[in-house]
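Welcome! Please take a moment to look over the sequence and the structure below before reading on.

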Amino acid sequence: MKRRNNGHGFTAALAHHWALNGLVFFVLIFLASPSVLANVEVIVTGGDKALTDNVKARIGDVDDAELRNPRLLERRLNSLVTDAVQVLGYYHCEWTIELAPDKVIVELAPGPPVVLLAPHIKINGPAAELPVFNKIIKDHPLTAGEQLDHSKYDALKKALMQKAQSLGFFDANYTESELLVDVRRNDAQIRLMMKSGERYHFGEVTFDGSQLSSEFLHTIVPFKQGAPYERELLVSFRRKLYETGYFSSVSVDTERVVREGQKQVNLKVSAEDTSQHQFEVGLGFDTDNGPRVRFNWGMPVIGTRGHAWNSTLEVSKPEQEVSATYRIPLQKPLTHFLMFDTGFLHQEIESTESSLFNVGVARLNLKENNWQLRYGVSADYERYRQSDDDWVDVFYLVPKIGWMRSELDKGRSPAHGYRLWLTFSGSSTELGADASFFKAHAGVRWLTPLGKTSFRLLSRLELGGIATDDLLKVPVSRRFYTGGDQTVRGYDYRSLATRDEEGELIGGRYLNVGSLELSGRIAEHWRGAVFADSGRAYDDPDESFSSSVGVGARWLSVIGEVRVDLAHPLDSDAENPIMLHISMGPPL
């Protein structure tokens with residue numbers, strides 16, 4: 001390797017000339033600029049992939065400026081290579097370094113690697129009784145006879161200490177922590193002894209800054225005072241405080257204390273209540289309803305017991321709806337609620353016009369596995385007419401129960417998700433209904449990717465049925481209809497159902513709807529889609545399905561997925577050969 005002249009005499013001469021010295025300074029600044037420093041290729045030979053990759057990663061980038069001082073560069077490289085090979089157990093490795101104008105070549109002669117002797121690993125103290133520590137040791141095997149890898153030893157040390165801290169063994173320390181390498185015998189002995197110390201327990205939890213009563217807030221705490229400390233429980237507690245919707249900000253401070261001989265962690269929760277009144281205005285459009293306006297008014301915190309109020313007004317051409325819900329937390333305030341609902345819905349679909357007013361009470365249970373169970377009863381007053389028939393007024397009580405579960409990936413273009421629901425409702429002449437009926441309605445929507453491609457498949461299935469002696473006496477709001485953006489494209493909103501002899505909508509006793517949609521990425525924020533839909537809302541099993549096929553585009557906007565579809569109905573008597581559908585919102 002040729003070395004360059006240091007040029008000390010020339011540099012000393014330049015020091016006497018301030019103008020030239022300044023010029024040299026600016027030249028050096030220019031050469032040191034990242035924009036003009038060219039990276040030098042680093043080539044490593046002679047080792048296996050793991051050793052080669054580790055040496056290259058340890059060396060990192062080398063630039064032209066470093067080649068101008070080869071002695072310093074070689075010293076740095078020797079130190080880095082030493083670290084890189086020894087961490088993988090190659091204590092007898094030899095190497096040569098060749099410096100060229102545009103590359104650095106490191107040629108390795110690894111030699112035999114150091115192998116492990118049987119390690120001595122032990123946990124002393126109360127932590128030794130917890131199986132989780134033995135599991136960590138098994139998950140980070142350091143087996144006698146295998147090649148030494150310092151990173152595995154370091155990972156085990158880190159994992160044991162992190163788990164000890166997360167379980168409240170804050171005084172844990174290593175009384176022995178040695179990795180002894182005998183280069184002459186070419187073996188290594190690991191000695192790792194941890195003293196866990198006494199485990200901390202949860203102490204007092206105090207709250208500050210919220211109008212909610214301390215008694216109520218303590219029902220949110222997921223652990224009891226005196227329970228063994230677990231960091232996961234503390235993290236879950238913080239998350240649940242935010243999920244209540246009561247607070248705009250939450251901080252949890254911890255303090256370690258000793259009370260009555262027991263080590264404890266006290267928690268001080270400082271919370272700021274969210275706004276007393278929250279308002280939201282939204283504008284939307286789809287081809288089912290046309291332009292629509294939505295106004296929401298919520299009161300997330302009422303009083304000291306976590307009560308909440310929410311009301312919504314939504315107006316479009318075919319539907320106008322006002323609804324309100326008052327929510328009362330029960331014994332488990334994060335998952336069990338008593339709900340008082342009221343609402344008014346006016347609809348005009350073809351020749352059917354109806355107005356429904358209801359008041360109800362229900363219980364909502366949120367399960368840990370994402371299932372929601374809701375059951376209750378509503379008192380409904382409905383006034384409707386179909387075609388030129390007289391207005392019909394009905395009043396009835398409707399007990400109901402329903403289950404729902406859903407999950408969806410976050411982001412503009414989710415690839416996985418599903419939504420399941422099943423509801424039962426009904427009434428009886430003994431409860432004031434004109435006709436007894438029992439209604440069941442179930443559905444599933446499933447979104448899944450196709451392998452590792454950008455394609456995803458969205459499938460939908462919806463089934464329903466009404467058991468009754470006289471469908472015409474069942475209120476129109478309880479009958480089945482289909483067709484439109486979210487069900488069977490190519491047909492008008494809720495236009496597919498049993499009709500009378502004059503072609504007027506009656507509604508269906510049963511419901512069958514199915515759909516398959518395949519979409520793929522065609523640009524950064526666009527997906528293309530092809531689909532096929534089929535469905536019917538019918539009274540007679542001989543009534544035919546209405547089906548369609550089509551193509552569409554999906555704009556993955558910041559406000560959600562905007563869908564534009566062109567659907568071709570397959571019925572020979574369809575009014576339009578192509579129907580445009582525009583909708584927006586999550587794919588499920």
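The model is predicted, so local features need pLDDT of at least 70 and side-chain atom pairs count only at pLDDT 80 or more, while totals for chains, interfaces and linings use all residues. Residues are numbered from 1 along each chain as its sequence is written, and side-chain values use heavy atoms, with hydrogens and water left out.

**Helix α5**

- Helices here are DSSP runs of H or I with at least four residues, strands are runs of E with at least two, and both are numbered from the N terminus.
- Helix α5 covers residues 70–86, and its 17 residues should span 24 Å at 1.5 Å a residue, which agrees with the 24 Å between its end C-alpha atoms. The expected span is 1.5 Å times one less than the number of residues.
- P70, L73, L77, L80, V81, A84 and V85 are buried in α5. They lie on the same side of the helix, because they cover an arc of only 125° around the axis. Such an arc is taken from the directions from the helix axis to the C-beta atoms.
- Buried means under 20% relative accessible area, exposed means over 50%, and partly exposed is in between (1.4 Å probe, protein chains only).
- On the face turned away from the buried side, you will find the exposed residues R71 and R75.
- The buried residues of α5 pack against α3 (49–59), β2 (62–63), α4 (64–67), β3 (94–100) and β4 (103–109).

**A closer look at N78**

- N78 belongs to helix α5, and it counts as partly exposed because its relative accessibility is 28%.
- Which residues does N78 touch, leaving aside its neighbours within four places in sequence? It is in contact with W95 and I97, where contact means heavy atoms within 4.5 Å.
- The C-alpha atoms of N78 and G89 are 17 Å apart, with the two residues 11 places apart along the chain.

**Helix α9**

- The 13 residues of α9 reach 18 Å from first C-alpha to last, close to the 18 Å expected at 1.5 Å a residue.
- L234, S236, F237 and L241 are buried in α9. They fall within an arc of 160° seen down the axis, so they line one face of the helix.
- On the other side of α9, E232 and E243 are exposed.
- The cover over the buried residues of α9 includes β9 (201–208), β10 (247–259) and β11 (262–273).

**Pocket and cavities**

- On a 1 Å grid over the protein atoms alone, a cavity is a set of points where a 1.4 Å probe fits but cannot get out; a pocket is an open set with protein on both sides within 12 Å along at least five of seven lines; lining residues have an atom within 4 Å of a point.
- Points are joined across faces, edges and corners, and a volume is the space filled by probe spheres set on them.
- The second largest pocket holds about 880 Å³ of space. Its lining has 25 residues, with K240, L334, T335, L366 and E368 nearest the centre, and α9 gives the largest share, 3 residues.
- How many cavities of 30 Å³ or more are there? The count is 2.
- The largest cavity has about 140 Å³ of space, and among its 15 lining residues L458, Q486, E517, R563 and P587 lie nearest the centre.
- The second largest cavity has a volume of about 100 Å³, and its lining includes Q347, Y481 and R494.
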